[in-house]
Amino acid sequence: MIELQHVTKLYPASGRPALDDVSTEIDKGEFVFLIGSSGSGKSTFLRLLLKEDDPTRGTVTVNGKTLNTMSKWQVPKFRRTIGCVFQDFRLLRNRTVAQNVAFALEVINKPQRTIKRVVPEVLEMVGLEGKATRLPHELSGGEQQRVAIARAFVNRPLVLLADEPTGNLDPETSEGIMLLLERINRTGTTVIMATHDYHIVDSMRRRVIELNGGAVTRDQSRGVYGVGR
Amino acid sequence: MRVNFVLSEVATGLRRNLTMTVAMILTTAISLGLMGTGLLIAGMISDMKEIYYDKVQVSIFLSDDVSDEQRSAIEQQLSDSPEVASYLYESKDEAYARFQQQFSQQPELVQNTPADALPESFRVELVNPERYEVIAAEFPNGQNGVDQVRDEGDFLDRLFSLLNGARNATIAVAVVQALAALLLISNTIQLAAFNRRNETNIMRLVGASRWYTQLPFILEAAVAGLIGAALAVGGLVLTKVLFVDRTLAGPIKAGIIPPVDWSAIAFISPIIAAAGVGLAAIAAYVTLRLYVRL
């Protein structure tokens, strides 16, 4: 499903590789925590999976597609199979909750009929029924992140990438978001989540990939955040 | 593609950078207006060439004391010459009549010119206009009743090089203006892309096609180009009505300058519009490719 083979990523401005000979495989339907300190390569890892960047060496394969050889014109179509959630939500401030979710479908030319049907469905799934006409600033942080998740999931992606989705949220709200991500994972969507939140990692007991200085230093199924914590 | 979505993006974009949009439209309009003027002058030049070059190429002016024998000898020589396609005799009276007509707008000049001041002449059309030297050699100045042989083509060449110069200068200024317009378009598009970076970032992440993301920006530039072209055409129409048709009415009536026809403006308007829309759209596209990550 997702495979990295001897992937190294060098940024021109830095002498140290952001990723250093990383090889790993993630199966369809897995839930994976990507942990490590800031600058350990988590974000680069996610960027490569989204083809925001190309690896300096090695190959990246996602959903059966080798990203290295993918042409520019194929990238949009590929990205429709991936959902993304970020720490800062990235919602459109002048659009309502429903419009934010619908936007993701409109710009990939989904018919209006489909949009009218699936937007309320996904809003109900993330627990925002009744808030469809609110603007983002009228919502709490947790609710805004639910909108972002709804937007990422509305197109039923095969993979959901989450870059510290609970970074701006309090523990209780975070727990709600994690339940939502787990629910999405149970529909068969692979979830890869970069995080610093050890409470979450320790309580969920899912696969943990730890990066340190760009290299994988631990890969453990049903892992915890820090050994000996 | 959702037409409403794209159109509302275009309208928002143009409104949001109102000052830049106005600057972009005005420079585009000036550039296109000058380009249109250059094209009109070019059309005028070719009309004038038809008027003038066809009429006469060499004038043989006769001296005041020319005898009847000399005159008929010259005429005989012209009709025998293989270089001459046709010729026309113009008496002093005919020359004066033509002069009166040509300068009917300047009555003082006509009044102050005595009726016999203009010389009689042969107006000669050559088989090959370049062969002026041969005719000039056959009729030496100041001999056998010939006062002077003049190559009218030479005079016309100088006149037309002046007009060509005016046309080239107009087009050169139009090109410089066009450069300024293109830079402004590029700048405006970069600004527009920056203002909408949230939208475009999300579009990129959810897999909107490049076209879908870029089209609003390209259309924005194209609409500005179209408005600029419309202003330019309006400017040309005003110039015709207020300047050409009024100030230049005299020389146009006298047949010295050809008129600027509505059909000429109708002919170049679509060219101006296409140039405005095309250049703006290309400038926007190139800008997006080079400077903006979409």
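Contact here means heavy atoms within 4.5 Å. By that rule, 25 residues of chain A are in contact with 18 residues of chain B. This is a predicted model, in which local features need pLDDT of at least 70 and side-chain atom pairs count only at pLDDT 80 or more, while totals for chains, interfaces and linings use all residues. Residues are numbered from 1 along each chain as its sequence is written, chains are lettered from A in the order in which they are written, and side-chain values use heavy atoms, with hydrogens and water left out.

**Interface of chains A and B**

- The buried area between the two chains is about 2,000 Å², and carbon and sulfur atoms give 55% of it; buried area is the accessible area (1.4 Å probe) that two parts lose on being put together, summed over both.
- The count of salt bridges between chain A and chain B is 1, where a salt bridge is a side-chain nitrogen of Lys or Arg within 4 Å of a carboxyl oxygen of Asp or Glu.
- Arg204(B) forms a salt bridge with Glu52(A), with the closest N and O atoms 2.5 Å apart.
- On the side of chain A that touches chain B, at least two residues each come from α2 (75-79), β6 (82-86), α3 and α4; helices (H or I, at least four residues) and strands (E, at least two) are DSSP runs, numbered from the N terminus.

**Strands of chain A**

- Strands β1 (residues 2-9) and β4 (residues 57-62) run antiparallel and are joined by 5 bridges; two strands pair if DSSP finds at least two bridges between them.
- Glu3(A) stands opposite Thr61(A) of β4(A).
- β4(A) also pairs with β5 (residues 65-66) in the antiparallel sense, over 2 bridges, and Val62(A) stands opposite Lys65(A) there.
- The hairpin of β4(A) and β5(A) has 2 residues between the strands, and Asn63(A) in the turn has a positive phi of about 50°.

**Interior of chain A**

- Asn100(A) lies in helix α3 (residues 97-106) and is buried, with a relative accessible area of 1%; buried means under 20%, exposed over 50%, and partly exposed in between (1.4 Å probe, protein chains only).
- Beyond its neighbours within four places in sequence, Asn100(A) is in contact with residues including Leu91(A), Pro136(A) and Arg151(A).
- The largest nonpolar core has 41 residues, and Phe33(A), Val101(A), Ile149(A), Met178(A) and Leu181(A) have the most contacts inside it; such a core is a set of buried Ala, Val, Leu, Ile, Met, Phe, Trp, Tyr and Cys residues joined through side-chain atoms within 4.5 Å.
- A second, separate core of 29 residues includes Leu48(A) and Leu211(A).
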